Amino acid sequence: MEFKTIVITGASSGIGAALARALAAPGRTLALLGRNTERLEAVAGACRAKCATCSTATLDLSDAARLATVLEEVERVSSIDLVIANAGILAGRSADDAVETAGVARQVLETNLLATVDLIHLVLPAMRRKGRGSIVFVASLASLVPLPDAPAYSASKAGLLSYGLALRDAVAAEGIRVVVACPGFVATAMAGRHLGPRPGEISADDAAKRILTGLQHNKAVIGFPLVPYWLSRLSQLVPEAIRRRGMRNTRFHVGP
């Protein structure tokens, strides 16, 4: 994959950090965006050790003005070839509640979905002018099987899946590649808030490898692990009672 300049959001830990380390190579420029300066710099250091040029920006993705400034600075130095929209938060009901609060739901939707759409509209015009570029949305298997303990998170990831697939068809003729990754459980710091079973959990490095392989093959949806992915897809076709029974062993709540 001949990417020279890459932007990764949510790059301070988890899948974003793993993708940054996997993509770091001589001749590549990585712009790492995240909310934790110390962790971002640690990831950047690992990327520089692999002879990649690396910059960092500490920001909340929902700060559209700051995000636009950062991306303009990156584009000014070198045209952005690949954007990985990975930033997101996991939130849902607490142990004492049946559903998440309205404030939590709004925050999740604004961060996971709306801020990501803003990001894409900031980078897409330049890609269209050049007639090339790649975009990766990091969604979730929750986009296929809504989680009763995290309705807004499920909705945000379903929105990313739908938006990404629609955008893929909209810009394919212009030489722009769009793929959507739908991971299952991945061992990340964010996943530590998920207090409940995490069947089939894989490492962030494994997830990054699967995403990059799917991108290389231009797969519309990169779903993994394989068995949970196909069970998730098939669950949309089974009666509600059966689906509920199958979800019993995956109930959870979020910690602080």
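**Helix packing and ring pairs**

Analyst: H4 and H5 are roughly parallel to each other, a label for angles under 35 degrees. This is a predicted model, in which local features need pLDDT of at least 70 and side-chain atom pairs count only at pLDDT 80 or more, while totals for chains, interfaces and linings use all residues. Residues are numbered from 1 along each chain as its sequence is written, and side-chain values use heavy atoms, with hydrogens and water left out.

User: At what angle do H4 and H5 pack, and how far apart are their axes?

Analyst: Axes are lines fitted to C-alpha atoms over the stretch in contact, and angles, from 0 to 180 degrees, are taken between N-to-C directions. Helix H4 (residues 102–130) and helix H5 (residues 151–171) pack at about 20°, with axes 7 Å apart. The contact (heavy atoms within 4.5 Å) includes Leu 113 and Ile 120 of H4 and Gly 159 and Tyr 163 of H5.

User: How is the ring pair of Phe 137 and Tyr 163 described?

Analyst: A pair of aromatic rings is described by the distance of the centres and the angle of the planes. Rings pair if their centres lie within 6.5 Å, and planes over 60 degrees apart count as edge-to-face. Phe 137 and Tyr 163 have ring centres 5.9 Å apart and planes at 80°, so this pair is edge-to-face. The pair links distant parts of the chain, with Phe 137 in strand S5 (residues 133–138) and Tyr 163 in helix H5, 26 residues apart.

User: Is Phe 137 buried or exposed?

Analyst: Buried means under 20% relative accessible area, exposed over 50%, and partly exposed in between, with a 1.4 Å probe and protein chains only. Phe 137, at 0%, counts as buried, whereas Tyr 163, at 23%, counts as partly exposed.

Key: Helices (H or I, at least four residues) and strands (E, at least two) are DSSP runs, numbered from the N terminus. Angles under 35 degrees count as roughly parallel, over 145 as roughly antiparallel, 65 to 115 as roughly perpendicular and the rest as oblique. Rings of Phe, Tyr and Trp (its six-membered ring) pair if their centres lie within 6.5 Å; planes under 30 degrees apart count as stacked, over 60 as edge-to-face and the rest as tilted.
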